[in-house]
Amino acid sequence: MVSGTALAESPSREATLKAVMSSKKNNTKIIFDIDYREYNWKNTDEISIYYSMIAKEADIIMGSREEFDLTEKLIQPNRTDKQTAEAWHGYNAKIIVIKYGMKCSTAYTCDSQAFSIKPFPVEARKGFGGGDGYDSGFLYGLYQGWEIIDCLEFGSAEASMMVRSNNCSDSLPNAEQVKQFIKEEKEQYGEMIARV
């Protein structure tokens with residue numbers, strides 16, 4: 001898994017690029033979490049150059065709409081979500097996940113399917129940690145062999161659990177806790193609470 005944060009400066013930038021090259025050489029899957037942090041970068045051209053280099057090699061790309069816009073700035077700005085997915089599928093990506101924070105997220109697969117999910121209703125205590133929770137939950141489901149919509153639901157649940165907690169990594173739930181959260185949310189709000 002590659003974090004876009006590691007691309008902001010040397011020497012982590014070069015180490016990340018080398019790791020991606022080595023992964024490709026050894027036929028290892030590359031997951032790119034765009035993970036934009038404004039304070040790490042000097043300008044948006046630099047962001048687009050390095051993010052797009054990794055995105056072209058990635059098997060899975062996950063990011064917010066803003067992060068994809070930054071990635072595509074020098075390639076083709078103002079793409080729709082569908083255009084974004086089609087473009088990165090044209091390189092190497094099998095799955096593109098575009099997140100809209102507290103609104104929804106959509107996964108686009110290389111067979112032209114799209115699956116969307118809403119966040120579970122929680123009282124957010126903080127604005128960070130949700131992305132890490134989302135990504136880990138989604139990837140957990142993917143590596144368990146689940147359907148994409150179930151991976152999205154699991155990621156959304158974990159993200160919701162993270163933003164309602166008081167801290168970050170200490171609050172990362174295990175799989176059983178996420179499953180219990182989903183069960184309780186569905187009992188309270190209905191089976192389709194997060195499904196779009």
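Modeller: A charge counts as sitting over a ring if NZ of Lys or CZ of Arg is within 6 Å of the ring centre and within 35 degrees of the ring normal. The model discussed here is predicted.

Colleague: Which residue lies over the face of Tyr-50?

Modeller: The distance limit to the ring centre is 6 Å. Over the face of Tyr-50, at 4.0 Å from the ring centre, lies Arg-13.

Colleague: How are the rings of Trp-88 and Tyr-91 arranged: stacked, edge-to-face or tilted?

Modeller: The structure holds seven aromatic pairs. Trp-88 and Tyr-91 form one, with 5.4 Å centre to centre and 35° between the planes. Stacked needs planes under 30 degrees apart and edge-to-face needs over 60, with the rest counted as tilted. The pair of Trp-88 and Tyr-91 is therefore tilted.

Colleague: Is Trp-88 buried or exposed?

Modeller: Buried means under 20% relative accessible area. Trp-88 has 0% relative accessibility, so Trp-88 counts as buried.

Colleague: What is the arrangement of Tyr-140 and Trp-146?

Modeller: Tyr-140 is partly exposed at 30%, and Trp-146 is partly exposed at 26%. Their ring centres are 5.6 Å apart and their planes stand at 80°, so the pair is edge-to-face.

Colleague: Which residues form an aromatic cluster with Trp-41?

Modeller: Rings pair if their centres lie within 6.5 Å. Trp-41 belongs to one aromatic cluster, together with Phe-32 and Tyr-51.

Colleague: What accessible area does the nonpolar patch with Ile-49 have?

Modeller: Ile-49 is found in helix 2, residues 44–55, and is partly exposed at 41% relative accessible area. On the surface, Ile-49, Met-53 and Leu-74 form a nonpolar patch whose accessible area together is about 260 Å².

Terms used
Residues are numbered from 1 along each chain as its sequence is written. This is a predicted model: local features need pLDDT of at least 70, side-chain atom pairs count only at pLDDT 80 or more; totals for chains, interfaces and linings use all residues. Side-chain values use heavy atoms; hydrogens and water are left out. Patches are made of residues with over 30% relative accessible area and no salt bridge: like charges are joined within 9 Å, nonpolar side chains (Val, Leu, Ile, Met, Phe, Trp, Tyr) within 5 Å. Accessible areas come from the Shrake-Rupley method with a 1.4 Å probe; for residues, only the protein chains shown count as cover. A salt bridge is a side-chain nitrogen of Lys or Arg within 4 Å of a carboxyl oxygen of Asp or Glu. Helices (H or I, at least four residues) and strands (E, at least two) are DSSP runs, numbered from the N terminus. Buried means under 20% relative accessible area, exposed over 50%, partly exposed in between (1.4 Å probe, protein chains only). Rings of Phe, Tyr and Trp (its six-membered ring) pair if their centres lie within 6.5 Å; planes under 30 degrees apart count as stacked, over 60 as edge-to-face and the rest as tilted.
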